[in-house]
Amino acid sequence: MASTPCTMTTHASRLARASLRASRPMIPSRGVQSKATRQKRTSPNTPPPRKQYNADIQRFQERYAKKESAAAPHGIPIRVLSFMGVTILAISTYTGYLYTSYQQEVRKAQALDIPRDVSDRYNSTAPTFDAEVDLSEKAMRLGKKRADLLRLARGDVLEVSCGTGRNLEYYDLKERRGMDEQGHAAVLGCRSLTFVDLSPQMVNITKEKFEAANPEFTRVAFRAQDAAAVTVESPVKLQNSGSSKGNVYYDTVVQTMGLCSMPDPVGTLRHLARITEPGHGRILLLEHGRSHYDWLNRILDNLAPLHADKHGCWWNRDIGAIVKESGLEVVEEKRWHFGTTWRYVLRPKPDETRS
Ligand SMILES: C[S@@+](CC[C@H](N)C(=O)[O-])C[C@H]1O[C@@H](n2cnc3c(N)ncnc32)[C@H](O)[C@@H]1O
C-alpha cells in the first residue's frame, strides 16, 4: 500500500514515541505506568503489584534508617535516648523532692525538745504497733533473726520489753534433755516463761496472743514492770536457787528492740545481769541502733528527736558502747543492715565482780 503524507506523519510520530519510551530509564514511576495500571492502583481494593510494593517499602526503610542515624550519631537509637532522658528527669525530680522533704523533717526534728524517756508513747501505739512494723520487719527478714536467737532460750526464761509478743512463736515450749550447740549435754527448751513490759497495753496484747496460741502451757506469767527493776518471780519455783546468798535467777533473759526505748539502758543491762544465772545463764539481745557508716548515722542523728517523739524509740543509740559500759561478758556479737541491727549473746561477769 502506497504511503500518503498523512500516513507517513502518523508513522513518524509513532516511531518518535517509541524511541522516547526506549530512552527513558526503567524506573517504575507514575509517568510510565499505563492507564490500566494507574486505574488498578487507584482502586481502593486492589493492592499494588508485589515488586512495586517491595520497592516502596525498601525506599521507606532506607529513608527511615537515614533519619535515625542522623539523630543518633553514637549509634544509640533515638527511642532509647528519649527513654533514658525521661528516666533521668524523673529520678532527679524525685531525688530533689526527697532531699527537700528530708531538709524539712530535719528542721522540724531539731526544733523539738524531746525528753530522754519516751517510753510512754507505747501506751498509745500498742494497738497499731504490729501493723506499723510488719512490713519493714519482713523486708529486713527479722523473723529469721528472732528465731535464730530464741533457739538459745532455755530453762526459766524472762523476756523484758516484750511489746506485743513478736517473739512468741519462736519459743520452744518443750523442756527436755539433749545436746547444746557445742555438743554438750544440756536442758533444752523453756521450763517457764515470764513476760514483762513497762506498758500494760503492750503486755496485755502479748498475754492474749500467748493464751490463744498455747492454751495448755500454764508455766507462764505476764507483768507490767520496769525492766530496770524487774523482780525474780516465776510462775514456777525457779530451779536456779542454789546460791550461797539465797539468790534466785533466770536461766535466760531475752530482750529484742528494747534498749532504744528505755531511759537507762546501761543500768538496765546491769540489773538484768544480776538476775541471770551466773554459770550458764545467758542474756540474748536483738537490738537496733547506730550504723557502721557515718553518712547513715548523720541521718539517724538528724531525725532522732522526731522519730523518738512519734515512736518512743531513740534509733541512734550506740548499742556496742552500751553493752561495753554495762560490763557484761560478750559471748557473741553480730551486725546486719549496714550495722544497724545488733545481735548479742552475753553472760554475767563472775559473781565477785557483780555490784
Ligand atoms: C520497740 S518496742 C519492742 C517490742 C518487742 N520487744 C519487739 O521486739 O517487737 C519497745 C518496748 O519496750 C518497752 N519498754 C520501754 N521501756 C521499758 C522499760 N523501762 N521496761 C520495760 N519495758 C520497756 C515499750 O513499752 C515497748 O513495748
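A: The protein chain has 11 helices and nine strands. Those labels come from DSSP runs, numbered from the N terminus: a helix is a run of H or I with at least four residues, and a strand is a run of E with at least two. Before going further, note that this is a predicted model, where local features need pLDDT of at least 70, side-chain atom pairs count only at pLDDT 80 or more, and totals for chains, interfaces and linings use all residues. Residues are numbered from 1 along each chain as its sequence is written.

Now for the sheet itself. Seven strands make up an open sheet, and their order is β5-β4-β1-β6-β7-β9-β8, with mixed pairing. Here, two strands pair if DSSP finds at least two bridges between them. As background, strands of a sheet pair through backbone hydrogen bonds, either parallel or antiparallel.

The edges are taken by β5 (220–224) and β8 (329–336); each has a single partner strand, so one side of each is left without a neighbour in the sheet. On average, neighbouring strands of this sheet are turned by 15° against each other, ignoring direction. Angles like this are taken between axes, which are lines fitted to C-alpha atoms (for helices, over the stretch in contact), and they run from 0 to 180 degrees between N-to-C directions.

Helix α8 (residues 200–213) packs on the sheet, where it touches β4 (190–197) and β5. The direction of α8 makes about 165° with that of β5. Contact between two residues means that their C-beta atoms, placed from the backbone, lie within 7 Å.

Let's stay with β4 for a while. Its pairing with β5 is parallel and runs over five bridges, and F195 stands opposite F222 in β5. Strand β1 (residues 155–160) also runs parallel to β4, joined to it by six bridges. V160 has V196 in β4 as its bridge partner.

How much of β4 is covered? Mostly covered is the answer, with seven of its eight residues buried. "Buried" means that 20 or more other C-beta atoms lie within 10 Å of a residue's own; 12 or fewer makes it exposed, anything in between makes it partly exposed, and the C-beta atoms are placed from the backbone. Across the protein chain, buried residues make up 26% of the 355 residues.

C190 is buried, because 22 other C-beta atoms lie within 10 Å. If you leave aside neighbours within four places in sequence, the residues in contact with C190 are A153, R154, V157, Y171, D172, L173 and E175. R176 is 14 residues away from C190 along the chain, and their C-alpha atoms are separated by 8.6 Å.

Moving across the sheet, strand β7 (residues 282–288) and strand β9 (residues 341–347) pair in the antiparallel sense, over six bridges. E287 stands opposite W342 in β9. Over in strand β8 you'll find W336. W336 counts as partly exposed because it has 14 C-beta neighbours inside 10 Å. The C-alpha atoms of W336 and H288 are 9.5 Å apart, with the two residues 48 apart along the chain.

Two loop residues deserve a look as well. For context, most residues other than glycine have a negative phi. S161, in the loop between β1 and β2, has a positive phi of about 55° although it is not a glycine. S161 counts as buried because it has 25 C-beta neighbours inside 10 Å. M257 sits in the loop between β6 (252–256) and α9 (265–274), and its phi is also positive, near 55°. M257 counts as buried too, because it has 21 C-beta neighbours inside 10 Å.

Finally, here's a separate pair of strands. Strand β2 (residues 176–179) and strand β3 (residues 185–188) pair in the antiparallel sense over four bridges, and R177 has V187 as its bridge partner in β3. Together β2 and β3 form a hairpin with five residues between them, and G183 in the turn has a positive phi of about 85°.
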